[in-house]
Every structure is written in C-alpha cells, then in structure tokens.
Amino acid sequence: MFATRFAPSPTGRLHRGHAFSALTAWGAAKEAGGRFVLRIEDIDPTRCRPEFEVGIHEDLTWLGLDWETPVRRQSDHRADYAAAVEALNGRGLLYRCFRTRKEILDAIGDAPHGPAEAARPGPHPADEEARLLAEGRPFAWRLSLDRAKEALGGAAWDALSFVEEGSGPDGETGVIKARPETAGDVVLARKDAGTAYHLAVTHDDALQAISHVIRGRDLFEATHIQRLIQALMGWPEPVYHHHRLLAGPDGRRYAKRDRSVTLAELREGGLTPEGLRTELNL
C-alpha cells in the first residue's frame with residue numbers, strides 16, 4: 001500500500017518550504033488512496049523544543065492536512081534505535097570514534113583526497129581505545145564502510161541502488177546507483193543524542209511501512225548511505241521522490257536558520273491556506 005510521511009524536527013516554526021513538502025507528500029498519498037504519516041524527529045535534545053512541536057500541529061492543521069494517529073515521536077523510542085545499534089555492533093560493523101566534531105572538520109580541511117577520506121577516520125588502536133575508555137572519554141559509534149562492504153559482499157555492494165521518481169540536484173532520476181562511500185563512516189549513535197538521523201529515519205520508515213519517501217532535494221545525497229543501512233538491516237527499500245526546494249526573493253532557499261517567514265506569521269498577516277497553495281502552485 002502507498003504510504004508516505006512528513007517528518008519535521010521541532011527546532012523552529014515551519015515556513016513555506018515545509019508547507020510545500022508537507023502538501024506534496026499529503027497530496028501524493030491522497031491521490032494514491034494511501035497513508036500519510038506525520039513523524040516528529042526530535043532526537044536532538046539541544047535544539048528541539050515542545051513549543052515548536054505544538055506549532056507543527058497547528059500549522060499542518062491550518063493547511064488542512066490530516067494524518068494517522070498516534071504520531072510517532074522519536075524521543076519516545078530511543079530503546080528501538082539502541083537495539084538497532086547493538087545489532088550492527090554485534091556483527092562487528094561499528095567502531096568507537098573518540099574524535100570530536102572539530103577534529104573531524106579539521107581533518108576534512110586537510111584531507112588531500114577530499115572530505116570523504118577524512119570522514120573515514122577508522123578505529124583507534126586497541127591500546128589507545130582502552131585508555132580513552134578508562135578515562136571516560138565520550139565517543140560516537142561509526143559505521144565502517146569497509147566492514148559493511150565485506151558483510152554485504154562485493155556483488156551486493158555493487159548492485160546497491162534506489163529508484164528516484166523525482167530528481168536530484170543534477171537531474172538524477174530513475175534507477176540510481178547508491179554510492180555510500182560519499183558519506184564516509186557516518187555516525188549512527190552518539191552520547192548526547194543516543195542515535196543519529198540516518199539510523200533513526202531508516203528504522204522508522206521500515207517500522208511504519210513507508211513505501212515512498214517524498215522530501216526535499218537537499219536530502220538526496222543522504223539516500224546513498226540510507227540505502228546501505230536498509231540493506232544491512234534487511235529493511236524494505238522505499239521509492240524516493242526528491243522535490244524542488246523553494247527559494248525567497250533573494251534566491252536563497254527557505255531555512256529555519258535564516259529566520260525565514262514562518263507559516264504562523266503568514267497566517268497572522270491574513271494569508272489563507274488557499275492563498276498559500278496558489279502561491280506554491282499546488
């Protein structure tokens with residue numbers, strides 16, 4: 001059965017770009033007679049706020065959307081993600097990384113062969129790892145691409161792909177060869193958040209039987225590593241549809257960090273849901 005989702009993080013109020021993405025996914029579900037899921041991706045305790053989660057519900061209701069209940073809040077299901085991390089670690093696919101974000105970023109800047117090389121720092125020597133653990137140093141669990149390739153087998157690794165019904169930043173569409181190596185050894189869990197985006201999103205897409213992932217083109221590159229995680233965990237492969245990103249009059253795409261005009265502000269200014277849909281050509 002066709003099923004898609006809108007999965008915002010409550011780190012700010014929604015803006016036009018969010019409205020476009022939510023309406024696109026909701027409209028596709030309605031047209032297919034399928035399911036539309038709202039998921040709150042609130043695994044980052046330093047940035048997510050309850051008031052922003054309330055605002056998400058207010059804004060989507062104002063837009064006229066409806067969705068399945070209960071709504072899954074990722075922060076309520078940390079044990080699920082921890083179990084997935086443990087399963088991967090039990091197969092020897094993860095390693096502890098004690099390097100800080102700053103150290104990784106500095107290494108990326110110095111890497112002679114590009115950022116992907118520096119994003120594969122590899123495990124620490126056994127004696128160093130033992131010392132750092134004894135000191136109580138925080139660490140992240142990273143997925144080893146080398147071990148993942150070995151676990152899948154060369155043929156399965158080479159055949160890893162996804163179906164794109166929209167288009168990527170360079171017009172990529174159709175059957176796309178997955179290139180997880182472009183992401184490096186991604187972090188799947190860390191001390192502050194417990195789990196990381198790539199693991200949580202693929203886990204929940206599988207759990208909620210999402211058949212079509214409809215989202216912005218800015219997440220196209222994330223699909224490569226997410227397909228690898230799905231293959232390693234035996235999770236279903238959804239169809240992907242990456243849509244265009246909306247930009248303001250200055251040509252910059254709408255983003256929370258740039259304090260884009262929010263839906264709440266548009267609503268207070270007298271804009272109607274119908275008027276916004278017309279503006280968005282939906």
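The model is predicted: local features need pLDDT of at least 70, side-chain atom pairs count only at pLDDT 80 or more, and totals for chains, interfaces and linings use all residues. Residues are numbered from 1 along each chain as its sequence is written, and side-chain values use heavy atoms, without hydrogens and water.

The buried residues of α3 (under 20% relative accessible area) are Tyr 81, Ala 84, Val 85 and Leu 88. Seen down the axis of α3, these buried residues fall within an arc of 100° (taken from the directions from the axis to the C-beta atoms), so they line one face of the helix. An α-helix has 3.6 residues a turn, so residues three or four places apart point the same way. Elements that cover the buried residues include β4 (94–97), β8 (187–190) and α10 (222–233). After α3 comes Gly 92, with a positive phi near 75°.

The axes of α1 (residues 16–32) and α12 (residues 273–280) come within 11 Å and cross at roughly 90°. That makes α1 roughly perpendicular to α12 (65 to 115 degrees). In α1, Arg 16, Ala 19, Phe 20, Leu 23 and Trp 26 are in contact (heavy atoms within 4.5 Å) with Leu 276, Arg 277, Glu 279 and Leu 280 of α12. By class, this contact has 6 nonpolar, no polar and 3 charged residues.

Terms used:
Buried < 20%, exposed > 50% of the residue type's maximum accessible area, 1.4 Å probe, protein only. Helix = DSSP H or I, 4+ residues; strand = E, 2+ residues; numbered from the N terminus. Axes fitted to C-alpha atoms, helices over the stretch in contact; angles between N-to-C directions. Parallel < 35°, antiparallel > 145°, perpendicular 65-115°, else oblique. Nonpolar A, V, L, I, M, F, W, Y, C, P; charged D, E, K, R; others polar.
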